[in-house]
Amino acid sequence: MVKYKPELKAQIVHEYLSTVQSTNDLSEKYHIGSRQISRWAQRYQLNGPDALKQRRHKRIFTADFKLHVINY
């Protein structure tokens with residue numbers, strides 16, 4: 001179950017980035033933690049609007065990839 005819909009997340013992030021409201025102001029307005037709003041905004045800035053959508057399945061990595069990461 002999704003706790004917050006991607007549309008709501010996008011609305012809050014857009015409001016945060018386009019206005020002078022702080023995460024604390026938005027936290028009080030929407031009753032969501034300010035740290036959570038900060039995380040959404042950061043993910044949005046790094047990866048765009050798709051970062052706010054929930055993944056449908058777990059990411060699967062091959063054994064070779066895992067070994068490469070460990071060796072790195």
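**Entry 1: His-31**

I began with His-31, which counts as exposed at 70% relative accessibility. I apply the terms as follows: buried means under 20% relative accessible area, exposed means over 50%, and partly exposed lies in between, with a 1.4 Å probe and protein chains only. The model is predicted, and local features need pLDDT of at least 70, side-chain atom pairs count only at pLDDT 80 or more, and totals for chains, interfaces and linings use all residues. Residues are numbered from 1 along each chain as its sequence is written, and side-chain values use heavy atoms, with hydrogens and water left out.

I then placed His-31 in the loop between H2 and H3. Helices (H or I, at least four residues) and strands (E, at least two) are DSSP runs, numbered from the N terminus. I noted that phi of His-31 is near 60°, which is a positive value in a residue other than glycine. For background, most residues other than glycine have a negative phi.

**Entry 2: the largest nonpolar core**

Which residues make up the largest nonpolar core? I listed 9 residues in all: Ile-12, Val-13, Leu-26, Tyr-30, Ile-32, Ile-37, Trp-40, Ala-41 and Leu-52. A nonpolar core is a set of buried Ala, Val, Leu, Ile, Met, Phe, Trp, Tyr and Cys residues joined through side-chain atoms within 4.5 Å. Helix H1 (6–18), helix H2 (23–30) and helix H3 (34–47) are the elements that give two or more residues to this core. The most comes from H3, with 3 residues. In soluble globular proteins, nonpolar side chains tend to be buried together.

Leaving aside its neighbours within four places in sequence, Ile-12 is in contact (heavy atoms within 4.5 Å) with Leu-26, Tyr-30, Ile-32, Ile-37 and Trp-40.

**Entry 3: aromatic pairs**

How many aromatic pairs does a search of the whole structure find? I recorded 2. Rings of Phe, Tyr and Trp (its six-membered ring) pair if their centres lie within 6.5 Å; planes under 30 degrees apart count as stacked, over 60 as edge-to-face and the rest as tilted.

One of the pairs is Tyr-4 with Trp-40, which is edge-to-face, at 5.4 Å centre to centre and 75° between the planes. Tyr-4 lies in the segment before H1 and Trp-40 in helix H3, so this pair ties together parts that are 36 residues apart in sequence. I noted that Trp-40 is buried, at 1% relative accessibility, while Tyr-4 is partly exposed, at 22%.

Why does the pair of Phe-61 and Phe-65 count as stacked? The ring centres of Phe-61 and Phe-65 are 5.1 Å apart and their planes are at 20°, so the pair is stacked.

**Entry 4: salt bridges**

A salt bridge is a side-chain nitrogen of Lys or Arg within 4 Å of a carboxyl oxygen of Asp or Glu. By this rule I recorded 2 salt bridges. Side chains of opposite charge can pair when their charged atoms come close.

Glu-15 lies in helix H1 and Lys-29 in helix H2, so the pair ties together parts that are 14 residues apart in sequence. Is Glu-15 buried or exposed? Glu-15 is buried, with a relative accessible area of 13%, whereas Lys-29 is partly exposed at 48%.

I also checked the surroundings of Glu-15. Apart from its neighbours within four places in sequence, Glu-15 is in contact with Gln-21, Leu-26, Lys-29 and Tyr-30. Glu-15 and Leu-26 are 8.4 Å apart in space, C-alpha to C-alpha, and 11 residues apart in sequence.

The side chains of Lys-53 and Asp-50 also meet in a salt bridge, at 3.5 Å from N to O. Both Lys-53 and Asp-50 are exposed.

I found a nonpolar patch on the surface formed by Phe-61, Phe-65 and Val-69, with about 260 Å² of accessible area together. Patches are made of residues with over 30% relative accessible area and no salt bridge: like charges are joined within 9 Å, nonpolar side chains (Val, Leu, Ile, Met, Phe, Trp, Tyr) within 5 Å. Accessible areas come from the Shrake-Rupley method with a 1.4 Å probe, and for residues only the protein chains shown count as cover.

Phe-61 is partly exposed, with a relative accessible area of 37%. Phe-65 is likewise partly exposed, at 40%, and Val-69 is partly exposed at 45%. Val-69 lies in helix H4 (residues 63–71).

His-68 is also placed in helix H4, and it is exposed, with a relative accessible area of 54%.
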